[in-house]
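Good morning, and thank you for coming. Please look at the structure on the screen while I take you through its parts.

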Amino acid sequence: QVQLAESGGGLVQAGGSLRLSCTASGFTFSHSVMNWYRQAPGKERELVATITQLGRATNYPDSVKGRFTISRDNARNTVDLQMTDLKTEDTAVYYCNALTTGIPASEYWGQGTQVTVSS
């Protein structure tokens with residue numbers, strides 16, 4: 001059974017930091033591109049970080065570049081999102097996402113974890 005379990009969300013003041021973690025099971029983690037998305041109330045889901053299968057490449061939108069860092073540990077099947085200098089506009093539910101490279105390819109989602117940044 002595929003599972004993506006996020007943890008680490010919470011309430012933080014603007015300028016603070018949080019580290020989100022996602023633990024994966026039920027699929028070949030090391031063969032999967034991993035992503036973090038977020039969705040704020042009334043807004044579309046937004047991709048905020050991507051890391052390739054071996055962690056050699058990452059990508060971020062301008063809105064979080066320089067503040068967010070994605071990393072992975074293929075031995076532990078985990079992917080983390082370190083968030084620094086948080087802003088109130090970072091408030092959202094954050095989701096872990098996996099894109100497998102099998103045939104057929106598959107996509108999996110976690111349940112999400114709430115991040116609230118107060119001013």
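I begin with a group of rings: Tyr-37, Tyr-95 and Trp-109 form one aromatic cluster. Rings of Phe, Tyr and Trp (for Trp, its six-membered ring) are called a pair if their centres lie within 6.5 Å; planes under 30 degrees apart count as stacked, over 60 as edge-to-face and the rest as tilted.

Before I continue, a word on the source. This is a predicted model, in which local features need pLDDT of at least 70 and side-chain atom pairs count only at pLDDT 80 or more, while totals for chains, interfaces and linings use all residues. Residues are numbered from 1 along each chain as its sequence is written, and side-chain values use heavy atoms, with hydrogens and water left out.

By the ring rule, the count comes to three aromatic pairs. One of them is formed by Tyr-37 and Trp-109, which are tilted, at 4.8 Å centre to centre and with 55 degrees between the planes. This pair links distant parts of the chain, since Tyr-37 is in strand 4 and Trp-109 is in strand 10 (residues 107–109), 72 residues apart. When I speak of strands, I mean DSSP runs of E with at least two residues, numbered from the N terminus.

Are these two residues buried or exposed, or something in between? Tyr-37 is buried, with a relative accessible area of 18%, whereas Trp-109 is partly exposed at 33%. Buried here means under 20% relative accessible area, exposed means over 50%, and partly exposed lies in between, using a 1.4 Å probe and protein chains only.

The rings of Tyr-95 and Trp-109 are edge-to-face, because their centres are 6.4 Å apart and their planes stand at 85 degrees. Here too distant parts of the chain are linked, with Tyr-95 in strand 9 and Trp-109 in strand 10, 14 residues apart. Tyr-95 is buried, at 13% relative accessibility.

A charge sits over a ring if NZ of Lys or CZ of Arg is within 6 Å of the ring centre and within 35 degrees of the ring normal. Elsewhere, the charged end of Arg-72 sits over the ring of Phe-29, 4.5 Å from its centre.

Leaving aside neighbours within four places in sequence, Ser-32 is in contact with Phe-27, Gln-53, Arg-72, Leu-99 and Thr-100. Contact means heavy atoms within 4.5 Å. Ser-32 counts as buried because its relative accessibility is 0%.

Let us turn to the sheet. Strands of a sheet pair through backbone hydrogen bonds, either parallel or antiparallel. In this model, an open sheet of four strands has the order 1-3-8-7, with antiparallel pairing; two strands pair if DSSP finds at least two bridges between them. Strand 1 (3–7) and strand 7 (68–73) stand at the edges with a single partner strand each, so one side of each has no neighbour in the sheet. Direction ignored, neighbouring strands of this sheet are turned by 15 degrees against each other on average. Strand 1 and strand 3 (residues 18–25) run antiparallel and are joined by five bridges. Within this pairing, Gln-3 has Ser-25 in strand 3 as its bridge partner.

What of the interior? In soluble globular proteins, nonpolar side chains tend to be buried together. The largest nonpolar core has 28 residues, of which Trp-36, Val-79, Leu-81, Met-83 and Tyr-94 touch the most other members. Such a core is a set of buried Ala, Val, Leu, Ile, Met, Phe, Trp, Tyr and Cys residues joined through side-chain atoms within 4.5 Å. Among the elements that give two or more residues to this core are strand 5 (46–51), strand 8 (78–83) and strand 11.

Strand 11 (residues 113–118) holds Val-117, which is buried at 6% relative accessible area. Val-117 and Lys-87 are 30 residues apart in sequence, yet 6.3 Å apart in space from C-alpha to C-alpha.

Finally, two residues in loops. Asn-77, between strand 7 and strand 8, is not a glycine, yet has a positive phi of about 55 degrees. Asp-85, between strand 8 and strand 9, is likewise not a glycine and has a positive phi of about 45 degrees. Asn-77 is partly exposed at 22%, and Asp-85 is partly exposed at 39%.

Terms used:
Axes are lines fitted to C-alpha atoms, for helices over the stretch in contact, and angles run from 0 to 180 degrees between N-to-C directions.
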